[in-house]
Every structure is written in structure tokens, then in C-alpha cells.
Amino acid sequence: YILNIAIPSKLTNSWLKNFCDGLKEDQKLYNIKLLGGDFSSSEKVFLSVTIIGKKNSKIHRLDKASETSDIYVSGTIGDSIFGFLFKNDKENKIKKKMSLGSLKYLYDRYSLPQPRISLGKKILKYSDSCTDISDGLLPDLEKISKYSMIGSDIFLNKIPLSDPLKKIYNLFKNKKKFWNFVLGGGEDYELIFSIPSKKNKSFKNFFLVNPKLTKIGRFTKNKRMKIYDLNFKSLKFKKIGYSHF
């Protein structure tokens with residue numbers, strides 16, 4: 001990979017050492033090497049990384065999902081956005097009712113996300129589409145729908161929530177706002193992928209031994225995304241999630 005980095009001059013000692021120590025750990029963990037790049041000064045920290053690799057026989061795509069495919073996610077959704085919100089709001093009333101263990105869990109999910117690289121490789125032989133949840137579950141799902149020219153049905157009662165988020169849900173007065181954060185917050189880096197009906201039988205055994213996978217809906221031919229609440233009534237959300245432009 002190539003790394004371009006610019007930092008304020010006052011950070012060249014302790015910050016840079018800590019950053020390089022963390023970079024060394026990740027290089028070993030993911031078996032990657034730094035080839036070069038630029039290093040300069042700036043008013044704020046700036047990082048730009050280009051990772052170079054090669055594919056084997058198949059890669060995950062966004063344009064091959066079928067209208068008969070079921071939609072799955074890995075792990076739990078929404079932890080990262082609440083880690084971000086709580087970390088930057090010392091006076092948050094809900095935060096004050098959370099245990100230290102729950103807060104640490106949410107902070108770690110925000111600050112130290114774990115990319116599901118191994119899982120991504122394993123589901124290559126089953127899935128017809130897959131991406132990670134970086135901009136938000138709905139925005140990333142919308143990309144698959146757009147490029148595959150299909151719609152989707154998503155059920156809120158199927159969205160997997162961690163124990164800390166279940167408590168936050170119970171404390172949240174505005175439930176729609178809660179789901180707005182969960183579905184559009186992003187930076188969970190869990191996978192959202194689809195399994196075509198013809199692969200359901202072979203995928204079933206894999207699914208049974210991977211309890212951290214959850215089916216949350218299905219693709220449809222109507223080219224519209226529909227979200228159903230806990231009472232199976234259709235919900236409408238305004239445009240949510242992160243947009244680069």
C-alpha cells in the first residue's frame with residue numbers, strides 16, 4: 001500500500017510514534033507492506049491510503065444481485081454511530097445511564113472496527129453481491145439495488161442489535177430517530193450481502209455454523225426500497241447516511 005500523510009508539526013513526536021506503532025500492528029495482522037508515499041506538514045491530520053492487491057477467481061460485486069436473493073448482514077448494526085455520538089457528547093442523558101462496560105464496547109466499535117475479511121472470502125462461493133457497511137446500512141444497500149436495478153424489503157425486527165443498543169433503544173423516546181442512526185450511521189464495517197435462491201440449500205449449512213449472520217430482508221423486482229417497522233408497517237426515512245458529495 002501507499003500512504004500519504006500530512007500532520008501539524010507539533011504532532012511529530014508522540015502522535016507519530018503511536019501512529020506508527022499501530023500501523024505496524026495492522027501491517028502484521030493483515031499481511032501488508034508499505035511501499036512508499038509522501039510525508040508533509042499541514043494544519044490538520046491528513047491521511048490518504050491506496051491499497052494494491054490482486055484477485056483470485058472471483059470478487060464481490062454490486063451489480064449482480066437477483067430479485068430472488070435474500071439479504072444478510074454480519075455482526076450487529078449501529079454500534080459505531082452511538083460510540084461516536086457518546087464520545088463527543090459528555091452531557092448525553094442516555095449515555096449517563098449506560099454502564100462503563102457498555103460505553104467501552106461502543107467506543108471500541110467506533111475507534112477500532114474489525115473488517116470482516118475472512119468472512120468476505122468464505123461467502124464468495126455463495127453470494128451474488130456484497131459490500132461493507134461504511135456509509136450506512138441503507139446507503140450501502142441502495143448502491144447494490146441501484147447497480148443491480150432491483151428493489152428491497154427490509155424488516156426492522158430482523159436488524160441485529162447488540163445488548164448496549166437494545167438498552168439504548170428502550171431509553172430512546174423517538175424510535176424513528178433511533179433507527180435513523182442505526183440504519184444510516186455507518187462505519188460498522190460489517191458485511192451486507194445477498195444469497196440467491198439457487199444457493200440457499202448449500203448456504204444453509206454455512207449459515208447454521210455462523211450464528212453472527214442475520215437475514216434482514218430480500219431483494220424485489222419493484223426497484224424501490226421498503227422498510228417495515230416492528231408492526232410490519234412501511235416506514236419512510238428522509239435521505240440518511242454519509243454522502244461523499
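The model is predicted: local features need pLDDT of at least 70, side-chain atom pairs count only at pLDDT 80 or more, and totals for chains, interfaces and linings use all residues. Residues are numbered from 1 along each chain as its sequence is written, and side-chain values use heavy atoms, with hydrogens and water left out. The largest nonpolar core has 35 residues. A second, separate core has 11 residues.

- Helices (H or I, at least four residues) and strands (E, at least two) are DSSP runs, numbered from the N terminus.
- Three strands make an open sheet, ordered E2-E1-E3, with mixed pairing.
- Strand E2 (39-41) and strand E3 (46-50) are the edges; each has a single partner strand, so one side of each lacks a neighbour in the sheet.
- Neighbouring strands of this sheet are turned by 10 degrees against each other on average, direction ignored.
- Two strands pair if DSSP finds at least two bridges between them.
- Strand E1 (residues 2-7) runs antiparallel to E3, and five bridges join them.
- Asn4 has Ser48 in E3 as its bridge partner.
- Helix H1 (residues 14-30) packs on the sheet and touches E1, E2 and E3. The direction of H1 makes about 160 degrees with that of E1.
- Axes are lines fitted to C-alpha atoms, for helices over the stretch in contact; angles run from 0 to 180 degrees between N-to-C directions.

**Nonpolar cores**

- A nonpolar core is a set of buried Ala, Val, Leu, Ile, Met, Phe, Trp, Tyr and Cys residues joined through side-chain atoms within 4.5 Å.
- Buried means under 20% relative accessible area, exposed over 50%, partly exposed in between (1.4 Å probe, protein chains only).
- In the largest core, the residues with the most contacts inside it are Phe82, Leu137, Ile159, Ile168, Phe178 and Val182.
- Elements giving two or more residues to this core include helix H2 (79-87), helix H3 (100-111), helix H6 (163-171) and helix H7 (175-184). Strand E4 (70-74) and strand E8 (213-220) are also among them.
- The second core includes Tyr72, Ile123, Phe193 and Ile195.
- Not counting residues up to four places away in sequence, Ile168 touches Phe82, Phe86, Ile94, Met98, Leu106 and Phe178 (contact: heavy atoms within 4.5 Å).

**Loop residues**

- Phe172 lies in the loop between H6 and H7. Its relative accessibility is 13%, so Phe172 counts as buried.
- Beyond four places in sequence, Phe172 is in contact with Phe82, Ile94, Lys177, Phe178 and Phe181.
- Asp135 sits in the loop between strand E5 (129-132) and helix H5 (137-148). Asp135 is buried, at 7% relative accessibility.

- Strand E6 (residues 151-155) pairs with strand E9 (residues 225-228) in the parallel sense, over four bridges. Ser152 has Met225 in E9 as its bridge partner.
- E9 pairs with strand E10 (residues 234-235) in the antiparallel sense, over two bridges. Ile227 has Leu235 in E10 as its bridge partner.
- The hairpin of E9 and E10 has five residues between the strands, and Phe232 there takes a positive phi near 65 degrees.

**Cysteines**

- The disulfide count is zero (cut-off: a pair of cysteine sulfur atoms within 2.5 Å).
- Cys20 is partly exposed at 42% relative accessible area, whereas Cys130 is buried at 6%.
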